[in-house]
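Here is a short briefing on one protein chain. Keep the sequence and the 3D view open while you read.

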Amino acid sequence: MFDPNNPVPTWSASTMQRVAGEPTLATAALRYANLGIPVFPCVPGGKQPLTPNGFHDATSVARVVHAWWQRTPDANIGLPTGASTGVLVVDVDVHPGASGFDAFERARSQGFGNDWAWLVRTPSGGLHAYYPNVRGQEQRSWQIPAAHVDFRGDGGYVIAPPSRVTIDGAQRSYDVIAVATHPVEPVDALALRRFLEPPRPARTPPPPGMPTKGCRPDALARTVALTPEGGRNRALFWASCRMVENGLSHADVMGWLGPAAQYAGLPDHEIEITVNSAFRIATRIGPGSRPGPTPASEGIHL
């Protein structure tokens with residue numbers, strides 16, 4: 001299964017199905033590791049990492065994995081996506097009153113994402129569609145809240161079977177529901193995103209003489225939402241610092257900038273890390289000194 005000369009695991013069509021049949025989460029995690037697939041522990045019944053650096057701590061070293069699950073036998077199994085594991089995942093979300101299935105089926109009808117390797121039903125009733133990764137080609141994670149479809153590639157992770165999540169007081173598992181009998185192919189994440197993504201609002205020029213100090217929360221949120229890939233984290237950090245300086249609470253900053261950063265394509269865990277970092281740094285150095293470059297210096301405009 002695992003070629004020692006190739007750091008990326010080689011998956012077979014039945015790999016996930018066999019691991020999902022393990023009787024405990026500890027034995028399943030160890031089996032992933034023994035197949036050369038890096039994993040990391042997440043909180044029992046949840047999705048938050050138990051390791052300091054999250055998916056960056058994932059490993060296929062069996063003794064480390066054994067120690068993690070010996071410490072927390074019911075820990076869920078985090079699986080990094082992208083280059084490290086060789087898999088990409090399209091995450092079809094289901095929320096009260098909303099679902100990503102219609103959007104995903106529209107995409108599939110146009111030829112996007114038909115050649116999955118296996119399908120996993122998530123505890124919420126959603127779907128994880130797994131695809132092989134293209135070695136040497138980076139495909140970054142993204143989210144489209146309006147379509148209720150996310151992509152987990154480089155810079156992301158999923159919770160893998162047979163993990164369990166508590167919903168409404170009941171534990172529900174990640175279950176493999178289909179394994180491909182057709183040839184599998186990587187998903188073109190960029191093309192899928194372009195198909196699913198709603199048109200962005202037109203960028204408007206800033207009002208003349210708008211000060212960088214005391215920027216309105218709606219203007220800061222718009223800046224973050226309209227920042228292209230490559231500058232999104234920096235824009236979110238900058239905007240968060242401005243809000244901290246203006247006395248907004250953590251909840252208010254997340255309320256304004258969280259949805260904007262999601263719209264720009266940042267994963268939830270990166271948003272939280274960036275906002276928390278802004279609170280630490282802006283609070284420590286005070287409003288008299290501005291951390292990091294301003295959006296204007298980066299070609300970003302309010």
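This is a predicted model: local features need pLDDT of at least 70, side-chain atom pairs count only at pLDDT 80 or more; totals for chains, interfaces and linings use all residues.

The chain has 302 residues, and 47% of them count as buried. Its secondary structure comes to nine helices and 13 strands.

**Whole chain**
- The accessible surface of the chain is about 14,100 Å². Carbon and sulfur atoms hold 54% of that surface.
- Take the contacts in the chain with a separation of 6 or more: residues 24 or more positions apart account for 73% of them.

**The six-stranded sheet**
- Six strands make an open sheet, in the order β8-β9-β3-β7-β6-β13. The pairing is antiparallel.
- The edges are β8 (142–144) and β13 (175–179). Each has a single partner strand, so one side of each is left without a neighbour in the sheet.
- On average, neighbouring strands of this sheet are turned by 20° against each other, direction ignored.
- Helix α4 (residues 101–109) packs on the sheet. This helix touches β3 (87–92), β7 and β9 (149–152). The direction of α4 makes about 30° with that of β7.

**The β6–β7 pair and W118**
- Strands β6 (residues 118–121) and β7 (residues 127–132) pair in the antiparallel sense over four bridges.
- W118 is found in strand β6. Its relative accessible area is 3%. The cut-off for buried is under 20%, so W118 counts as buried.
- W118 and V179 are 61 residues apart in sequence. In space, they are 4.4 Å apart, C-alpha to C-alpha.

**Helix α7**
- Helix α7 spans residues 232–245, with 14 residues. From its first C-alpha to its last, α7 reaches 20 Å. That is close to the 20 Å expected at 1.5 Å a residue.
- Is α7 enclosed or exposed, going by its residues? Of its 14 residues, 12 are buried, so α7 is largely enclosed by the rest of the structure.
- G247 follows α7. The phi of G247 is positive, near 85°.

Notes
Residues are numbered from 1 along each chain as its sequence is written. Side-chain values use heavy atoms; hydrogens and water are left out. Helices (H or I, at least four residues) and strands (E, at least two) are DSSP runs, numbered from the N terminus. The expected span of a helix is 1.5 Å times one less than its number of residues. Buried means under 20% relative accessible area, exposed over 50%, partly exposed in between (1.4 Å probe, protein chains only). Two strands pair if DSSP finds at least two bridges between them. Axes are lines fitted to C-alpha atoms, for helices over the stretch in contact, and angles run from 0 to 180 degrees between N-to-C directions. Contact means heavy atoms within 4.5 Å. Accessible areas come from the Shrake-Rupley method with a 1.4 Å probe; for residues, only the protein chains shown count as cover.
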